[in-house]
Amino acid sequence: MSAAQPVAPSLNRLAISATNHCLTGCAAGEIVGLVLATWWGWGTTASIGLALLLAFVFAYALTMRSLAGTGLPVGRRMRIAVSADTLSIVVMETVDNAVIILIPGAMAAGLTDLLFWASLAASLAIAWVVAFPVNRWLLTRGQGHAIVSAHHGGHH
């Protein structure tokens, strides 16, 4: 009798995991960026620029952290993160920022305003829905988080 083989996660579960991963990094960067820019009194363009930059930094850092135990050198982990995450981040950030810009008063709302936090939450939720099929498609092509999973023995 052979030992039971581990069941591979479904494509949808992997895509959900990849999209949640992207959302976590993007949301952390967005929140820190928008909070700092709002606190510093920056305008819309500068606020979006900082939030966008930090979304990429946080998302890439999260992937690099997940690869820390693999023994890969830092430069290789960074190349994997950029290769695996860039399209998902671009999609998520494009949708997120477009939605926030379209919500009347969202970019002018202060940190203590419900509109600030509600519009950020809504824009990220909509961005997740749009990024999910992108991540699923990347996985079907052996790209995106499939690259990261390959360095974890197929588990991520």
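Author: Welcome! Let's begin with a term: a residue is buried when its relative accessible area is under 20%, exposed when that area is over 50%, and partly exposed in between. The model we are reading is a predicted one.

Reader: Thanks! How many residues does the protein have, and what percentage of them count as buried?

Author: The protein has 156 residues, and 38% of them count as buried. Its accessible surface comes to about 8200 Å², with 69% of that belonging to carbon and sulfur atoms.

Reader: What pattern does the protein follow along the sequence?

Author: Reading along the sequence gives α-α-α-α-α. There are five helices and zero strands.

Reader: How do I read the span of a helix, say α1?

Author: The idea is to set the reach from the first C-alpha to the last against the span expected at 1.5 Å a residue. Helix α1 covers residues 11-39, which is 29 residues, and it reaches 41 Å, close to the expected 42 Å. After α1 comes glycine 41, whose phi is positive, near 75 degrees.

Reader: And what does α2 reach from its first C-alpha to its last?

Author: With 23 residues, α2 reaches 33 Å, close to the 33 Å expected for it. Its buried residues include Ile48, Leu50, Leu54, Phe56, Tyr60 and Met64.

Reader: Which residues form a nonpolar patch on the surface?

Author: Val32, Leu53, Val57 and Phe58 do, and together they have about 300 Å² of accessible area. Helix α2, residues 44-66, gives the largest share of this patch, three residues. Phenylalanine 58 sits in helix α2. Its relative accessible area is 31%, so phenylalanine 58 is partly exposed.

Reader: How should I read a pair of aromatic rings?

Author: Two values describe such a pair: the distance of the centres and the angle of the planes. This structure holds five aromatic pairs. Take tryptophan 39 and tryptophan 40: their ring centres are 6.5 Å apart and their planes lie at 25 degrees, so this pair is stacked.

Reader: Why is the pair of phenylalanine 116 and tryptophan 117 edge-to-face?

Author: Planes over 60 degrees apart count as edge-to-face. The rings of phenylalanine 116 and tryptophan 117 have their planes at 75 degrees, so the pair gets that label, and their centres are 4.7 Å apart. Phenylalanine 116 is buried, with a relative accessible area of 5%, while tryptophan 117 counts as partly exposed at 36%.

Reader: Now a single residue, please. Is alanine 127 buried or exposed?

Author: Alanine 127 is buried, because its relative accessible area is 0%. This residue lies in helix α4, residues 114-140.

Reader: Which residues does alanine 127 touch?

Author: Leaving aside residues up to four places away in sequence, alanine 127 touches Met92, Val95 and Asp96. The C-alpha atoms of alanine 127 and asparagine 97 are separated by 8.9 Å, and these two residues are 30 apart along the chain.

Reader: What percentage of the contacts join residues at least 24 apart?

Author: Taking contacts between residues at least 6 apart in sequence, 72% join residues at least 24 apart.

Definitions and conventions
Residues numbered from 1 in each chain as written. Predicted model: local features only at pLDDT ≥ 70, side-chain atom pairs only at ≥ 80, totals over all residues. Heavy atoms only, no water. Helix = DSSP H or I, 4+ residues; strand = E, 2+ residues; numbered from the N terminus. Buried < 20%, exposed > 50% of the residue type's maximum accessible area, 1.4 Å probe, protein only. Contact = heavy atoms within 4.5 Å. Patch = residues over 30% accessible without salt bridge, like charges linked within 9 Å, V, L, I, M, F, W, Y side chains within 5 Å. Areas by Shrake-Rupley, 256 points an atom, 1.4 Å probe, with all protein chains shown as cover. Salt bridge = Lys/Arg side-chain N within 4 Å of Asp/Glu carboxyl O. Phe/Tyr/Trp six-rings, centres within 6.5 Å; stacked < 30°, edge-to-face > 60°.
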